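Please find below my note on the model under review. The points run from the overall fold to individual residues.

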Amino acid sequence: MKITGARNQPFSDIRKRALVQAGAKVVGRGPTRPDETAFLGLSEADLTPAVQGAIRTLLTEIDDLRQEVARLKARLTQAEVLADQDALTPALNRRALMRELDRIRTFSHRYGSPAALVYIDLDDFKGVNDRFGHAAGDAALRAVAERLRSQVAGSDIVARMGGDEFAVVFTQASMAAAEARAWSLARALESSPIRFGEWSAPLHVSYGVAEITPDVESEEIVARADAAMYARRRERRT
C-alpha cells in the first residue's frame with residue numbers, strides 16, 4: 001500500500017510513522033511550501049507525544065466512522081431490495097409493481113414506447129392447499145414465479161399480487177404482441193404439473209391483458225387486466 005503525503009507536514013509525518021509501524025510503504029510528495037509546515041497553527045516541535053497520540057486516535061475514529069457509513073449504506077441497499085421482494089417467491093411484490101408501472105407510464109409518455117400488463121390467476125389453487133397442505137401450496141407458488149421469470153425477457157417484470165395471483169409487465173410490447181406472449185406464458189405454466197415430495201398437481205391458469213398508457217392510472221391498469229382475466233375465465237367455463 002502506498003500513502004501520499006498530506007498537505008500539513010507535521011500531521012502527515014505522524015500518520016506516516018504510524019503507517020510505517022503497521023508495515024505500509026509510504027511515498028512522500030517532496031518539499032512543501034512554508035505555509036504547509038503547520039497543523040492547526042502548531043509546528044512539529046509543538047506536537048508533543050500526547051498531541052500526536054490524540055491525533056492518531058482521531059484518525060482511527062475517522063477511519064472507523066467511514067467504515068460504519070459504508071456498512072450502513074450496504075444495509076440500506078439491502079433493505080430497499082427486501083422491501084420490493086415478495087416474502088414467499090422470487091418475484092417483486094405489489095408495492096414494487098405499482099412503482100414500476102408509474103415509471104413505465106412516464107417512459108411511455110416521453111418516448112411513446114408500448115407496454116402491457118398481464119394479470120395471471122391460478123385456477124382452483126385453493127384445492128392444492130386443502131388437499132396437500134400449505135407447505136405444498138407455498139412450493140407451488142414459488143415454482144410458478146420461477147417459471148414466469150424463466151419465460152420473460154430481462155427487461156420484463158414479474159410480481160406476485162397476493163395469494164395465487166401474479167402479474168407480468170411486458171415492456172416494448174404492443175397489445176397484439178402482449179396477447180401472444182401471454183398465451184405462451186399460460187401454456188408454459190400448464191405444460192407440466194407442480195411437484196412437491198410425492199405429490200403432483202396440474203396447473204390451470206387464467207390471464208387478462210391491459211395496455212399500459214400514460215393517460216390511465218396504474219391502479220386502473222391493474223383493474224382492467226384483472227377484469228380481462230375474469231372475462232377470459234368465464235369464456236373458458238361456458
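1. Overall composition. The model is a predicted one. Seven helices and eight strands make up the secondary structure of the protein. The protein has 238 residues, and 38% of them count as buried. The accessible surface comes to about 14,000 Å², with 54% of that area belonging to carbon and sulfur atoms.

2. Sequence separation of contacts. Among contacts with a separation of 6 or more, 67% are between residues 24 or more positions apart.

3. The largest nonpolar core. This core has 32 residues, and the members with the most contacts inside it are Val118, Ile120, Leu122, Leu148, Phe166, Val168 and Phe170. At least two residues of the core come from each of β3 (115–122), α5 (134–151), β5 (165–171), α6 (175–190), β7 (199–201) and β8 (205–211). The most is given by α5, which contributes seven residues. As general background, nonpolar side chains in soluble globular proteins tend to be buried together.

4. Phe166 and its surroundings. With residues up to four places away in sequence not counted, Phe166 touches Thr89, Val118, Tyr119, Ile120, Leu122, Leu141, Val144, Ala145, Leu148, Ala159, Arg160 and Met161.

5. Ile157 lies in strand β4, which covers residues 157–162. This residue counts as buried because its relative accessibility is 8%, under the 20% cut-off. Leaving aside neighbours within four places in sequence, Ile157 is in contact with Leu92, Leu97, Glu100, Arg103, Ile104, Ala167, Val168 and Val169. The C-alpha atoms of Ile157 and Leu101 are separated by 9.7 Å, while the two residues are 56 residues apart along the chain.

6. Packing of α3 and α7. How is helix α3 oriented relative to α7? Helix α3 (residues 94–111) packs with helix α7 (residues 218–237) at an angle of about 110°, and their axes are 9 Å apart. The two helices are therefore roughly perpendicular. On the α3 side the contact is made by Arg94, Met98, Leu101, Asp102 and Arg105, and on the α7 side by Ser218, Glu219, Ile221 and Val222. These residues divide into four nonpolar, one polar and four charged.

7. The loop between β3 and α4. Is Phe125 buried or exposed? Phe125 lies in the loop between β3 and α4 (126–132) and is buried, with a relative accessible area of 7%. Leaving aside neighbours within four places in sequence, Phe125 is in contact with Gly137, Ala140, Leu141 and Asp164.

8. Positive phi values. Which backbone angles deserve a remark? Phi of Asp124 is near 55°, a positive value in a residue other than glycine. Gln172 has a positive phi of about 55° and is not a glycine. Gln172 is found in the loop between β5 and α6. With a relative accessible area of 56%, Gln172 counts as exposed, because this value is over the 50% cut-off.

How values were computed
Residues are numbered from 1 along each chain as its sequence is written. This is a predicted model: local features need pLDDT of at least 70, side-chain atom pairs count only at pLDDT 80 or more; totals for chains, interfaces and linings use all residues. Side-chain values use heavy atoms; hydrogens and water are left out. Helices (H or I, at least four residues) and strands (E, at least two) are DSSP runs, numbered from the N terminus. Buried means under 20% relative accessible area, exposed over 50%, partly exposed in between (1.4 Å probe, protein chains only). Contact means heavy atoms within 4.5 Å. Accessible areas come from the Shrake-Rupley method with a 1.4 Å probe; for residues, only the protein chains shown count as cover. A nonpolar core is a set of buried Ala, Val, Leu, Ile, Met, Phe, Trp, Tyr and Cys residues joined through side-chain atoms within 4.5 Å. Axes are lines fitted to C-alpha atoms, for helices over the stretch in contact, and angles run from 0 to 180 degrees between N-to-C directions. Angles under 35 degrees count as roughly parallel, over 145 as roughly antiparallel, 65 to 115 as roughly perpendicular and the rest as oblique. Ala, Val, Leu, Ile, Met, Phe, Trp, Tyr, Cys and Pro count as nonpolar, Asp, Glu, Lys and Arg as charged, and the others, Gly among them, as polar.
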